[in-house]
Amino acid sequence: MVRSRLKTVEESFLGTDLVRCHRKFIVNMSKVKVLRRRRDGYELDLGVVGLHPIPVSKTYMDRILSRFSALSPAPSAAQAAGALDDELVLEGPSGGKKVKD
């Protein structure tokens, strides 16, 4: 097994679907099914049974949101300012649809 800092791995995959979303996670954006807004930020759901959603930290939020906004319409100001813990499903690279609960 080769050991490497996550920063080094992140830099080696610039320009690909692999994007850092948290200090502990790099995600293949082509596998993301749902971007969910929660009280404490956002999380990514890969749609895999038994796999917990992956958190998106404030540091990497803009990168992740820009990937989604390039693929689907941005949420309205009313949606963005809406109640916390709303589920906002945006169409991602691997599918999904826009809904609000």
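So, the largest nonpolar core: 13 residues, in a predicted model. By nonpolar core I mean buried Ala, Val, Leu, Ile, Met, Phe, Trp, Tyr and Cys residues joined through side-chain atoms within 4.5 Å, with buried being under 20% relative accessible area for a 1.4 Å probe, protein chains only. The residues with the most contacts inside this core are Cys 21, Val 27, Met 29, Val 32, Leu 44, Ile 64 and Phe 68. Strand 1 (18–22), strand 5 (54–56) and helix 2 (61–69) each give it two or more residues, and helix 2 has the largest share, with three. Helices (H or I, at least four residues) and strands (E, at least two) are DSSP runs, numbered from the N terminus.

Quick ground rules. Numbering starts from 1 along each chain as its sequence is written, and side-chain values use heavy atoms, without hydrogens or water. Local features need pLDDT of at least 70 and side-chain atom pairs 80 or more, while totals for chains, interfaces and linings use all residues.

What does Ile 64 touch, leaving aside neighbours within four places in sequence? Val 19, Arg 20, Cys 21, Met 29, Leu 35, Leu 44 and Val 56, with contact meaning heavy atoms within 4.5 Å.

Strand 4 (residues 41–45) pairs with strand 5 over three bridges, and Glu 43 has Pro 55 in strand 5 as its bridge partner.

Methods
Buried means under 20% relative accessible area, exposed over 50%, partly exposed in between (1.4 Å probe, protein chains only). Two strands pair if DSSP finds at least two bridges between them.
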